[in-house]
Amino acid sequence: MTSTEKPKIGIYGFTGCAGDQLLIIHTEDEILNLFGAANIQSFVMASSNPTEDELDVAFVEGSVSTKEEIEHLHEIRKRAKILVAMGNCATNGGPQAMYTDDGKYEERLKRVYGEGVKFVTDPVEAKPLDAYVNVDYYLPGCPISQPQTFALISRLIHGAAPEPYPHPVCHECKLNENRCLLLDNKFCIGPITLGGCGSACPNHGVPCVGCWGPNPDGNFSQHLKLLESFGLTRDEILRRIRGFGGSKIIKYLIDGGN
Amino acid sequence: MADENISIEPLARVEGHGGIRVEIKDNKISDVEVRILEGPRLFEELVVGKTPQEDLSIVPRICAICNLSHKYAALRGLEKAVGVSIDDTTHLYRELMHHGEMIESHSLHIYFLALPDFLGYDNAIAMAEEYGDTVVMALQMKKFGNKIMRMMGGRMIHGENPVIGGFSKLPSEDMLREIKEEATELLDFAVATIDLLGTLKIPDHMERDTQFLCCKPPGEDYGYYGDLLITSDGQEHPVESYKSVIRERVVSHSFAKRSMYNDRPFTVGALARVLLIGERLKGKAKEAYDKLVNERWNRNPLFNNHAQAIEQVYSLEGIIEVIDKILSGEKATIAQPKQETGIGTGAVEAPRGTLIHHYEVEDGKISAADFITPTAMFLDDIEAFIRTGGERLLASDKTQDIRLHFEMIARAYDPCISCSAHLVEVVYK
């Protein structure tokens, strides 16, 4: 197969910690194969001189947090057959979206930067990619996991559809035979969080903080009640749950929080 | 060269989304801007109202490459605020964790982000055809750093295993012995890298005097943390006074918050550390220091790559030493807070330079936070070196590779745009 026949891939980073692109770079056993199997046209974090034209698959990391990023996202969407939201910020908005839509964004911005500041590109309140464009696939995680990422990339570059993974963290935690942290009244939100991390934190005896974002099948109202039974107030619980759920977790808290 | 604006955007092979803009007028540089193009995330605001433990899972998300440095700086600040004093063995485990991050970050930068420029490639994968062995070993080195980060952090990136007072889970003795063995095996390659970098021809067009700043490690040894900041004028400053040492200012036409020391730009990172405390190095790291360091290092940021290579040797030797101490020391426990209200400033050396986390905690919740990242400290210095280099290249009519030369200066600092993006670029009009 010549390089022109290989699927064309672009990997882009918006506002975030670059951890998802870094995870791809850090997949030492696969990175050479990936560059061999696909035509990586643009991956600015790893390579100079990108080619920006038609793409088979675009991977975009980060939240949309400036006007310039909104335009860039539309531009990538136009030339990509498939768009993948990569990581929690692109999927849910990330930690920077933990207060999105509370009406106090301008206030926070002023407290950090002061009054009368004219930004070079106007900042906008952090939102996930699908607040602006149609997203074909989601690769959640903070950061994304290597097995999930390379399973998805392999399928996409061979023209197959990736499989959904609708399991909570608890599913993986049970397979790892961890003692349930909720039995010890620990503030764990594994039951309402999407799995894929291999229950990385509970494996170390630390509760899940929810960094894969909300699990749509989670029983939110029951879990809130359980956490309340630990002696925490509803406000305290909601504050913690919102750490990584971005703007998308709000609807589950409203629907399930009654 | 006619009047023009050189715009390098996006700036490749750095962490995060940035660019460089240089304005040329009458064959002179009239303006230089290193642009930060990521949106603000307002982390200092996000952590207000949170508990110290919640903060620890949020702030590493400022940056993936140095996520454990952020965690470590936060731990040092928060533990002072809530009155936690950790035991000696926990301290050693934190050093081990930090060594892992240094190897991960430095190997990524040396071989994958910086070296392709010197050898004439777009990326390290393309470099593999001619330098196959180097790329394969570099991947192993990076994998080793990541293995330690996974072991101590709980996950390769953004693990939650380090907690207030210690670590939730500690590695087994077998695992520690395995890590020690691997560090020993990798030392040859780290030393070979010193020789490889020693053969590179380093351009001198940008050379100018600057200043250096880093943490002064306690005791007599080299290290990556401390409660004193030392500067190249021989001064020492308690970290609590960071605001008067690192003066942030606003410039009228470009970036908002920029950092200066004594009204002049300064360098932080491996180069600053090796120049300020390199005399403390021992063993093979000292041999590497004696082999590579010369007086040009004081004026040329490209030697930051070399300084990172020296630290790579230091950290491999450091891992061996720390593991020996852990294996013969007391068992680590998790220390508990003594108070719910207090103020604390924590400083560590992130791979790319001094990182400061300052916290005010009231009744168990954070009431104020301030973070100063290395990239925010050295942006002024990058611009100053690009200006000097650009003017010399223009004056001697050597402008053929001027864009690459500018990029190489910026890349040498190993800038982390994600870290600095909360100090977003602004224009006052």
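B:Asn304 is in contact (C-beta atoms, placed from the backbone, within 7 Å) with B:Gly269, B:Ala270, B:Leu271, B:Ala412, B:Tyr413 and B:Asp414, leaving aside neighbours within four places in sequence. The model is predicted: local features need pLDDT of at least 70, side-chain atom pairs count only at pLDDT 80 or more, and totals for chains, interfaces and linings use all residues. Residues are numbered from 1 along each chain as its sequence is written, while chains are lettered from A and ligands numbered from 1 in the order in which they are written.

- B:Asn304 sits in helix H11 (residues 304-328) of chain B; helices are DSSP runs of H or I with at least four residues, numbered from the N terminus.
- B:Asn304 counts as buried because it has 29 C-beta neighbours inside 10 Å; buried takes 20 or more other C-beta atoms within 10 Å, exposed 12 or fewer, and partly exposed lies in between.
- B:Val274 is 30 residues from B:Asn304 in sequence, with a C-alpha to C-alpha separation of 9.1 Å.
- B:Gly283 belongs to helix H10 (residues 283-292) of chain B.
- B:Gly283 has 15 C-beta neighbours inside 10 Å, so it counts as partly exposed.
- B:Gly283 and B:Val313 are also 30 residues apart in sequence, and their C-alpha atoms are 9.3 Å apart.

**Helix packing in chain B**

- H4(B) (residues 88-119) packs on H6(B) (residues 132-153) at about 150°, with axes 8 Å apart; axes are lines fitted to C-alpha atoms over the stretch in contact, and angles run from 0 to 180 degrees between N-to-C directions.
- The two helices are therefore roughly antiparallel, a class for angles over 145 degrees.
- Their crossing is left-handed: the near helix is turned anticlockwise from the far one by less than a right angle.
- Contact residues include B:Tyr93, B:Leu96 and B:Phe112 of H4(B), and B:Met141, B:Phe144 and B:Met152 of H6(B).
- The contact residues divide into 13 nonpolar, seven polar and three charged; Ala, Val, Leu, Ile, Met, Phe, Trp, Tyr, Cys and Pro count as nonpolar, Asp, Glu, Lys and Arg as charged, and the others, Gly among them, as polar.

**Domains of chain A**

- Chain A is assigned domain 1 (8-157) and domain 2 (169-256); the bounds come from an automatic or database domain assignment.
- The C-alpha centres of the two domains of chain A lie 25 Å apart.
- Domain 1 of chain A puts 17 residues into the contact, and domain 2 of chain A puts in 15 residues.
- On the domain 1 side, helix H4 (residues 88-92) of chain A gives the most, with three residues.
- That side of domain 1 of chain A divides into six nonpolar, nine polar and two charged residues.

Methods: Parallel < 35°, antiparallel > 145°, perpendicular 65-115°, else oblique. Contact = placed C-beta atoms within 7 Å.
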